[in-house]
Amino acid sequence: MFENTTILDVGCGRHKLPNSIGIDMLKLDGVDVVHDLNASGWPIPDNHFAKIRCQHAIEHIQRTDVLAREMYRVAKDGCMIDFITPHYSSYASWGDPTHYWHFALGSIPQLFEQQLPKGAFEVTHSRLKWTGGLLDLFGWLIYRMSKKTYEKRFAWIFPANEIHVSLRIRKSH
């Protein structure tokens, strides 16, 4: 199963990325590997994947420390890990009772800093996305001037929708 692809879709549910291996906690259509993502020892080979996607899944996983370490273990050197998750100010973050975590823009890089060796990754992309409504323009403008000011003072007034973060794994550092 693993020989034919170098893309892993973590928490894929029914929406697995084409030409990828999908791992999820539930046996759903499209899921290739059923495993508790909170538990170490994912049944996946070490140093195999060139790309990992985690779209609207990290907020459902209690043990994000395990998630970060397992992603690192199964990633090749240079692997790109792409996350999309609701921003803490979004209704989508708080409206789903199965969400354990509510993320700020720097939360995912901070998680990886805490769990991996120094220099084991770099942030290649980090931004907030809005739904596109007229009032979103004000939040976006404040965010463009200062990400910290936006999150600290204005996120609850002009809520963002999603966080998009990409990390590049470095194993030969």
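Is Ser90 buried or exposed? Ser90 is buried, with a relative accessible area of 4%; buried stands for under 20% relative accessible area, exposed for over 50%, and partly exposed for what lies in between, with a 1.4 Å probe and protein chains only.

## Basis of the model

This is a predicted model, in which local features need pLDDT of at least 70, side-chain atom pairs count only at pLDDT 80 or more, and totals for chains, interfaces and linings use all residues. Residues are numbered from 1 along each chain as its sequence is written, and side-chain values use heavy atoms, with hydrogens and water left out.

## Surroundings of Ser90

Ser90 sits in the loop between strand 5 (75-86) and helix 2 (91-94). Helices (H or I, at least four residues) and strands (E, at least two) are DSSP runs, numbered from the N terminus. Leaving aside neighbours within four places in sequence, Ser90 is in contact with Pro159, Ala160 and Asn161, where contact means heavy atoms within 4.5 Å.

The largest nonpolar core has 45 residues. A nonpolar core is here a set of buried Ala, Val, Leu, Ile, Met, Phe, Trp, Tyr and Cys residues joined through side-chain atoms within 4.5 Å. The members that touch the most other members are Leu8, Val10, Trp42, Ile52, Met71, Phe83 and Phe112. Helix 1 (residues 64-74) supplies the largest share of this core, 5 residues. Apart from neighbours within four places in sequence, Phe112 is in contact with Ala68, Met71, Ile81, Phe83, Phe121 and Leu167. In soluble globular proteins, nonpolar side chains tend to be buried together.

Helix 1 is largely enclosed by the rest of the structure, because 9 of its 11 residues are buried. The buried residues are Thr64, Asp65, Val66, Leu67, Ala68, Glu70, Met71, Tyr72 and Val74. Their cover includes strand 1, strand 4, strand 5, helix 3 (107-115) and strand 7 (162-169).

## Largest pocket

The largest pocket has a volume of about 380 Å³. On a 1 Å grid over the protein atoms alone, a pocket is an open set of points where a 1.4 Å probe fits, with protein on both sides within 12 Å along at least five of seven lines, and lining residues have an atom within 4 Å of a point. Grid points are joined across faces, edges and corners, and the volume is the space filled by probe spheres set on the points.

Of the 19 lining residues, Gly11, Gly13, Asp24, His56 and His60 are the closest to the centre of the pocket. Strand 1 (7-10) and strand 4 (49-55) are the elements that give two or more residues to the lining. By residue class, the lining divides into 9 nonpolar, 7 polar and 3 charged; Ala, Val, Leu, Ile, Met, Phe, Trp, Tyr, Cys and Pro count as nonpolar, Asp, Glu, Lys and Arg as charged, and the others, Gly among them, as polar.

## Positive phi values

Most residues other than glycine have a negative phi. Asn19 has a positive phi, near 60 degrees, and is found in the loop between strand 1 and strand 2 (21-24). At 69% relative accessibility, Asn19 counts as exposed.

His56 also has a positive phi, near 50 degrees. His56 is in the loop between strand 4 and helix 1 and is partly exposed, at 30% relative accessibility.

## Cysteines

The disulfide count is 0, a disulfide being a pair of cysteine sulfur atoms within 2.5 Å. The sulfur of Cys12 is 10 Å from the closest cysteine sulfur, in Cys54, so it is too far for a bond. For Cys79 the closest cysteine sulfur is also in Cys54, at 12 Å, again too far for a bond. Cys12 is buried at 7% relative accessibility, and Cys79 is buried at 1%.

Ala50 belongs to strand 4 and is partly exposed at 35% relative accessibility. Beyond four places in sequence, Ala50 is in contact with Thr6, Lys76, Gly78, Cys79 and Met80. Ala50 and Ile81 are 31 residues apart in sequence and 8.6 Å apart in space, C-alpha to C-alpha.

Arg170 lies in the segment after strand 7 and is partly exposed, at 32% relative accessibility. Leaving aside neighbours within four places in sequence, the contacts of Arg170 are Tyr72, Asp77, Gly119, Ala120, Phe121 and Glu122.
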